[in-house]
Amino acid sequence: MTTAAPSTDWAHRMPDAEWAVYREAIQQARALHIPFAFGGAFALAVYTGSLRNTKDFDFYVRPGDRDAMIRALTAAGLEDHYDRLPYDRSWIYRASRDDIIVDAIWAMANHRAAVDDVWLTRGPGVIIRGEPLRPISVEELIWTKLYVLQRERCDWGDVFNLLDAQARAVDWEY
């Protein structure tokens, strides 16, 4: 088993139009001084070196920043995704433009934990297409994906890939 260094070599595989939507959301969040980290498929790609493009970007923000993040996504030209597909607004805000989704997440779906400053600062700094960003840590990423076990979706495959790439780097005590 090896430990992969954080990587963004996969970023060129993301379609330019899709990245433009994410970049606008990132810039709007920064304009409002919202601290954030990213998770989901892009964080998985940082830790495994392989992108599974899900056409969505997951911002992790503190609960107190959720309204500001919703304003940032609106300013970026995204609309609430609820009318297209209802979702549980108690932990996530889903916004979209065409088929591209941007999520603002402030808690785990099962409410076992809320995003805090640790979530936003433990991951390594990376640069994706010229943007300095920070993924949530591998430990938080594993934790969030362990709880996704539903009839229509299971993220355990992602957990196994993370463990294959990062097991020696995981802070197991944490």
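Asn 53 is partly exposed, because its relative accessible area of 32% falls between the 20% under which a residue counts as buried and the 50% over which a residue counts as exposed. The model described here is a predicted one, and in it Asn 53 sits in the loop that runs between helix 2 (40-48) and strand 2 (56-60).

Beyond its neighbours within four places in sequence, Asn 53 is in contact with Met 14, Pro 15, Glu 18 and Phe 42. Of these, Pro 15 lies 38 residues away along the chain, yet its C-alpha atom and that of Asn 53 are separated by 9.4 Å. With Glu 18 the link is one between side chains, a polar contact of 3.2 Å, while the side chain of Asn 53 also reaches the backbone nitrogen of Lys 55 at 2.9 Å.

With strand 1 (residues 37-39) the pairing is antiparallel and extends over three bridges, and within it Phe 38 has Phe 59 of strand 2 as its bridge partner. With strand 5 (residues 100-105) the pairing is parallel and extends over five bridges, and here the bridge partner of Asp 58 is Asp 103 in strand 5.

Conventions:
Residues are numbered from 1 along each chain as its sequence is written. This is a predicted model: local features need pLDDT of at least 70, side-chain atom pairs count only at pLDDT 80 or more; totals for chains, interfaces and linings use all residues. Side-chain values use heavy atoms; hydrogens and water are left out. Helices (H or I, at least four residues) and strands (E, at least two) are DSSP runs, numbered from the N terminus. Buried means under 20% relative accessible area, exposed over 50%, partly exposed in between (1.4 Å probe, protein chains only). Contact means heavy atoms within 4.5 Å. A polar contact is a pair of N or O atoms within 3.5 Å; within protein, one must be able to donate a hydrogen and the other to accept it, and residues adjacent in sequence count only if both atoms are side-chain atoms. Two strands pair if DSSP finds at least two bridges between them.
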